[in-house]
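Dear colleague,

I am handing over the structure we spoke about, with the sequence beside it. Please open it first, and then read my notes on what was found.

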Amino acid sequence: MHVHNPILKASLALAVATLFAVAASSCSPKRGAEPLRLGIMPDADSLPFIVAEAEGLFEKRGVEVELVSFANAQERDAAIQAGRLDGAVSDVLAAAFLAAGGFDTRITSATDGRYGIAAAPGSGLGSAAELAGKRVGLSTNTIIQYSVDAIVGASGLAPDAYTAVAIPKMPVRMEMLLAGQVDAAGLPEPFLTTAVERGATLVGTTEQFHIDAAVVVFSEAVLNARLKDVLRLYEAYADASGRVNAAPESYRAFLVEKARFPEDAAGAYRFVTYRKPTMPPLGQVEAAVSWLRERNLLSKPVDPSALLDDRAVAAW
């Protein structure tokens with residue numbers, strides 16, 4: 001068919017060009033519409049992710065990641081429940097609470113941090129085995145209380161041998177410890193190092209007793225839809241972890257500037273050794289879920305093995 005009308009001819013040509021453009025765009029690879037949103041805390045567990053962002057390692061792997069900082073676990077978990085995060089640096093207990101609440105939360109790897117118990121200056125306490133009958137400040141029904149119980153249990157005492165004193169805010173807990181208002185306190189890094197630098201005595205750590213309850217979580221929906229992006233995120237994490245392990249001292253200033261560690265903690269902090277992306281042992285997850293179950297803290301039963309999803313770290 002020949003078209004003689006020049007206006008109609010031009011319109012047809014434009015329509016054909018538009019169709020070709022649409023077809024070409026549909027065949028070309030699409031970038032993710034949104035970055036992966038990962039919740040982090042100012043702690044040792046989150047450090048490799050912060051390094052990965054600062055040193056362009058996510059971009060190098062071709063994945064866009066938005067790190068969302070939280071001051072406490074309650075705010076982080078509220079953001080997960082509201083659908084504002086795809087994943088988070090978290091812990092087994094929080095993952096179990098979310099699963100029991102009907103959220104499709106899955107543990108995708110262990111993280112490497114340090115939780116511990118510090119004794120008040122002048123208390124004379126030198127080990128976790130000496131905490132019987134003592135007042136220990138902590139946040140109840142959290143990884144902190146679980147870690148305190150596990151450390152106390154590993155040192156030979158019954159979990160109820162000490163008196164738990166609920167002090168939810170970590171800075172307040174540390175100050176009360178240093179003022180001698182409690183005999184000891186459960187603290188994460190960097191508060192643990194800060195307390196010791198200011199006169200407290202370290203009496204036990206999760207690292208010392210091989211307690212592995214800190215993890216990364218993602219929603220199952222995100223894992224199903226964006227597994228390649230999550231894999232790339234972990235590649236960047238592995239790269240960053242290797243860099244910190246190879247030259248930890250070069251990251252000391254970074255702890256203050258980027259990871260928001262207090263200056264006195266950054267100077268004395270003993271870096272953890274970061275593992276390549278790996279799953280927490282099932283036994284550790286079972287122990288944490290059992291601890292919650294014994295305290296009737298779960299609104300419905302949680303299968304520890306069903307919490308685990310190793311698709312993102314299986315390559316390691």
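In what follows, two residues are said to be in contact when they have heavy atoms within 4.5 Å. Please keep in mind throughout that this is a predicted model.

Is Asp 45 buried or exposed? Asp 45 counts as buried, because its relative accessible area is 2% and buried means under 20%. The C-alpha atom of Asp 45 is also separated by 9.9 Å from that of Pro 188, although the two residues are 143 places apart along the chain.

Turning to the chain as a whole, there are 13 helices and ten strands, and buried residues make up 47% of its 316 residues. Of the contacts between residues at least 6 apart in sequence, 78% join residues at least 24 apart. The accessible surface comes to about 14700 Å², and carbon and sulfur atoms account for 54% of that area.

The largest nonpolar core holds 45 residues, among which Ile 117, Leu 131 and Leu 307 touch the most other members. Several elements give two or more residues to this core, including helix 4 (73-81), strand 5 (115-119), helix 6 (143-154) and helix 12 (282-294), while helix 5 gives the most, with seven residues. Ile 117 itself, not counting residues up to four places away in sequence, touches a set of residues that includes Leu 131, Val 148, Ile 151, Ala 184, Leu 192 and Val 203. A second, separate core of 39 residues includes Leu 36, Ile 50, Val 272 and Val 313.

Finally, helix 9 (residues 220-246) deserves a look in the viewer. A straight helix of 27 residues would span 39 Å at 1.5 Å a residue, whereas helix 9 spans only 33 Å between its end C-alpha atoms.

With best wishes

Conventions:
Residues numbered from 1 in each chain as written. Predicted model: local features only at pLDDT ≥ 70, side-chain atom pairs only at ≥ 80, totals over all residues. Heavy atoms only, no water. Helix = DSSP H or I, 4+ residues; strand = E, 2+ residues; numbered from the N terminus. Expected span 1.5 Å × (residues − 1). Core = buried A, V, L, I, M, F, W, Y, C linked by side-chain atoms within 4.5 Å. Buried < 20%, exposed > 50% of the residue type's maximum accessible area, 1.4 Å probe, protein only. Areas by Shrake-Rupley, 256 points an atom, 1.4 Å probe, with all protein chains shown as cover.
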